Amino acid sequence: MKLVLYTAACTGNAKNCSYPHRAEVQDAAQLKEAVRRDHVCAEYAGNYRSVDNFLRSNVLVMDCDNTHSEDPADWITPEKLEGIFPDTAYALAPSRHHMVPKNGNAARPKFHVYFEISEVTDASAYAALKRAVFHAYPFF
């Protein structure tokens, strides 16, 4: 597996749109290093994130925040994900709010799932793929 991410020079800046640092991720240590900063899973023209600047991506990232239910028995965990995607390669990284109460909700598992995909060079096709995964797996 080779995931290509682009990282920012900052963390937690909601106004940031610049992701100039390319990170090729092939193992857990490289993923951990890449996701410690704000990151995106696509290359953008001028390193500036916007739909119009989308160039390519080989990673489909989905958030699992477990907001679909307040019942812990319904929450998706990494272990449950193995049963949902038994023959699919993916990588996981915890979200910053993993097991932290947020917006009045109980602490719960929150993580990002990174699927390697064939390179996509069309922003609309990439968005459609994300919508299709969400439709099939609404816990994302």
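Of the 140 residues of the protein chain, what share counts as buried? The figure is 37%. Keep in mind that this is a predicted model, so everything below is computed from that prediction.

**Overall build**

- You'll find three helices and seven strands in the protein chain.
- Reading from the N terminus, those elements come in the order β-β-α-β-β-β-α-β-β-α.
- For 140 residues, a compact globule would have a radius of gyration near 14 Å, and the protein chain agrees with that at 15 Å.
- If you boxed up the C-alpha atoms along the principal axes, the box would be roughly 45 × 30 × 30 Å.

**Surface and contacts**

- Take the contacts between residues at least 6 apart in sequence: 61% of them link residues at least 24 apart.

**The three-stranded sheet**

- There's an open sheet made of three strands, lined up as β2-β1-β3, with antiparallel pairing.
- The edge positions go to β2 (21–25) and β3 (39–40); each has a single partner strand, so one side of each is left without a neighbour in the sheet.
- As a bit of background, strands of a sheet pair through backbone hydrogen bonds, and they can do so in a parallel or an antiparallel way.
- β1, which covers residues 3–7, pairs with β2 in the antiparallel sense over five bridges.
- To see one of those pairings up close, look at L5: its bridge partner in β2 is A23.

**Cysteines**

- How many disulfides does the model have? The count is zero.
- C10 is in no disulfide, and the nearest cysteine sulfur, which belongs to C17, sits 9.8 Å away.
- With a relative accessible area of 21%, C10 counts as partly exposed, because the buried class stops at under 20%.
- For C64, the closest cysteine sulfur is that of C41, and at 16 Å it's too far for a bond, since a disulfide needs the two sulfur atoms within 2.5 Å.
- Is C64 buried or exposed? C64 is buried, with a relative accessibility of 0%.

Methods: Residues numbered from 1 in each chain as written. Predicted model: local features only at pLDDT ≥ 70, side-chain atom pairs only at ≥ 80, totals over all residues. Heavy atoms only, no water. Pairing = 2+ DSSP bridges. Helix = DSSP H or I, 4+ residues; strand = E, 2+ residues; numbered from the N terminus. Buried < 20%, exposed > 50% of the residue type's maximum accessible area, 1.4 Å probe, protein only. Rg over C-alpha atoms; globule rule 2.2 N^0.38 Å. Contact = heavy atoms within 4.5 Å.
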